[in-house]
Amino acid sequence: MSMWDGNTPDSLVDISTRFCVQNLETFCNFEPTTKRYYLRITLPNEICERMLTSQKQDSRTIDDDFLRIFKDPRTTRLRRVNLSKSTVTDEGLDVVLRHNLIELDISDCDKITEESLTLINEFGSDLLSLNVGTSVHIFPDNATSNAIVLLAQMQAEPHLSSTNNTSGCILKTPNLRKLIFREMSVPMQDGYFPILLKPLKHLQSLDLSGCFNLGSLSFLTHMTQLASLTLYNVPRVQNMINAICQMKTLRHLDISQHIEKHGVYRNPNQLLTQIVDSLPRLVSLDISGTNLAGTGVAEHDHTDIDERTTTKWAALRPTTAAVTDISGLRNRVNSPLDFLGLYGTSHNACHRHHIPAKKITGDANERQTLTAAHAYLDRADILQKVLNDLFKIVRFETCYNAKAALEVILNAMEKHLTDKHIQISGSASLFYILKGEEKKHFNIKINHKLIKVVLDAMCEHTFDTTMMRNGCLTLCQFKIPQDVLFDYKRLVRILLHVVSEDDQEDFVQRIGIYLLNSLACQVDGTQKQLVGDLGAINIMLRLIECRLQRQLCDDVMEIAWSTMWNVTDETPVNCLRFLEGRGMTFFLECLHMFTNKAELLRNMMGLLGNVAEVQELRPRLMTEEFIKVFSELLDSTSDGIEVSYNAAGVLSHIASDGKESWNITSPKREDVLQRMVDAIERWDIKTKRNINYRSFEPILRLLYVEHTAEAQHWAVWALANLTCVYPEKYCDLIKEEKGIEILNELINRGTVQEKVKELAALVISHCESFKEGNGIVAMDE
């Protein structure tokens, strides 16, 4: 299924499977003594294999404990198993092999040993495909003496090779059709690879990339079904050409190189001609990183190839000249190859005209680059270069197929998570793709995949500044927090790490704290508390303390206060964390050191407004020093009315606890409250605001405080202002929280001041006008 399929929900089977894998107790019993899960139901093959796939896709570890669920082949069934890059050991592999698999991938499973070779040989009779890949050491370092004796007997008595006798073989999988093992180096020993491979008579696809000491490959010439042979990064391929040319069934041949010295051939034009003319079924050829494409200049046929070879191949070539800039492919002009790998060839072969192939890998244009990215997805060394080429296209040129570019970048980043260079290059390209017009066509599934891949990269390369910068910038292209709620906790963890690193690049720290602040805004209390639980308050306070020591008020300082303002909103536990982290000390220091920083002052007072809403914390604010500061800030004109408004809100909540709670002698309660009323009456009811309320519950609570009319005055003014300026947002909120009923009750109380009643009536009028669709006209002040 393509990532570009419709924005439809996952199937019920996939959703259920994912849930079960995340909650093993749904279908397993947990044994406390062994701390293991044991299956209690019977599962069909389809579900078992989906469980493995889900476990792998969701970045959870496939280990021996997980595989024990499938220990009994009578109640579970596996046929195709991909354990690549897992922590499975011989014990876990034993479990799955007993299912008589037909496909097995254990590439990059570095905990598997030679013991598993015995298991594969014991249970591998049905195996059709085996991927050993790299970093897996299941084969012995040397061929056994018994096996060498057997090889000698097979050479002396050919009839032995046609029997099914597998004694002395290294790999006893007689039905194997596909085999991949890479970068295997054995001591110089002509008998090793023949003993390993010769018994595998039914092989159709063989990948020996990076293997050393393969000899002449003559031991493969008897394989009459071999259709695909990959010898990427294999040295001394020139010595194997004659044997390769005898493999008449080959449809795909890859002799590409990443190591430059291994890609230099004598008489390249003649060699390429020999290969192409010898393999009549060949439709796919990769000669990337070699000089086999020649110089692009017409050359004569006289060479230092021996006379017999020259005569033989000259007889096979047609006499009519064909037009191509690659001399060795002139006989394929009229029957072009389906695929031709030319990436990194000498003399820029991919830039030439008249190349007889339908698909070409190279760096001449976008199409070649995308083809290369698809073709070399398994080859991190080449893929790094290809992704750099692709970055240049999406950054400096017009990318005509952004969808294809995006898909191949995501696949590369998923497949090579531990490769820092691929992650950095890929994430840089993602940033520019997301800035383009194509982004508006991305659905939820695509956005989730993009975000997951970026977060995976940031988690894997946490201490790399470039990766953190690329990741943060890419995430800024999404709607925060809406687009990232599905992986909220992980993103918060990453961003807290980004902003807390002392040696973090300033720009990265700024963008990180910006994202963190956006994450804390417009989310519910559970998520706000989670941010606090993960240490956000302490980290913000540490950032503030550091800047106070440096006497620096920068973006990080201001956003740190804003972040705490957001995460303390209706979240008492975070308010407590602020107070216990010496937050009020830092507040006073910032106030005195950065007197003229309007945004800083607004953010600090907004935060203290949240603290003051928590009744059990208000006594901590009842000190002469704090009350004096709040009272003085009532007259502030910094940032419009915001600082004065928030100071009044703090004092209203403190005063709502009654006279008996005012346990300081100076300033006096009545003086502070009068000063607050004077400030309120100076404010313009139509003032635009820089504030966001998720709930009016703390404000509505003040309307019941009959002993302090000043607190009621501030509360109804706040509601009147917000419903006047932002009716579409706040009129509905008033109604949802039963505010109209509370205001009507307030108006009907005889003890309430007339000014308060007028403002209450104004709020009701705003809401009624908004409901009727009329414009709202505030009362004259």
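Predicted model: local features only at pLDDT ≥ 70, side-chain atom pairs only at ≥ 80, totals over all residues.
1. The sheet. Ten strands make up an open sheet with parallel pairing, running in the order β3-β4-β5-β6-β7-β8-β9-β10-β11-β12. Its edges are β3 (80–82) and β12 (357–361), each of which pairs on one side only. On average, neighbouring strands of this sheet are turned by 5° against each other, direction ignored.

2. Ser228 has His252 in β9 as its bridge partner. Helix α11 (residues 366–375) packs on the sheet, where it touches β11 (337–341) and β12. The direction of α11 makes about 75° with that of β12.

3. Domains. The domain assignment divides the protein chain into domain 1 (1–141), domain 2 (177–297 + 325–364) and domain 3 (622–773). Taken over C-alpha atoms, the centres of domain 1 and domain 3 are separated by 62 Å.

4. An unreviewed UniProt entry carries the annotation "domain: Protein zer-1 homolog-like C-terminal" for residues 412–768. In the model, this stretch is 68% helix and 0% strand. The C-alpha atoms at its ends, residues 412 and 768, are 57 Å apart.

5. Helix α22. The buried residues of α22 (residues 572–580) are Asn574, Cys575, Phe578 and Leu579. Viewed down the axis of α22, these residues fall within an arc of 145°, so they line one face of the helix. They pack against α19 (525–533), α20 (536–550), α21 (555–567), α23 (583–593) and α24 (598–612). Just after α22 comes Arg582, which takes a positive phi of about 65°.

6. Met622. This residue lies in the loop between α24 and α25 (624–633). Met622 counts as buried because its relative accessibility is 9%, and the cut-off for buried is under 20%. Residues up to four places away in sequence aside, Met622 touches Ile627, Ile654, Ser661, Trp662, Asn663 and Ile664. Of these contacts, Ile654 is 32 residues away along the chain, and its C-alpha atom is 7.7 Å from that of Met622.

7. Glu642 is placed in helix α26 (residues 642–655). Is Glu642 buried or exposed? With a relative accessible area of 3%, Glu642 is buried. Leaving aside neighbours within four places in sequence, Glu642 is in contact with Arg602, Lys688, Arg689, Asn690 and Ile691.

8. Helix α31. Gly739, Ile740, Ile742, Leu743 and Leu746 are buried in α31 (residues 739–748). Seen down the axis of α31, the buried residues fall within an arc of 160°, so they line one face of this helix. Their cover includes α28 (697–702), α29 (709–725), α30 (727–736) and α32 (754–772).

Definitions and conventions: Residues numbered from 1 in each chain as written. Heavy atoms only, no water. Domains from an automatic or database assignment. Helix = DSSP H or I, 4+ residues; strand = E, 2+ residues; numbered from the N terminus. Buried < 20%, exposed > 50% of the residue type's maximum accessible area, 1.4 Å probe, protein only. Contact = heavy atoms within 4.5 Å. Pairing = 2+ DSSP bridges. Axes fitted to C-alpha atoms, helices over the stretch in contact; angles between N-to-C directions. Arc of directions from axis to C-beta. UniProt positions renumbered as here; feature names shortened; annotations may be inferred.
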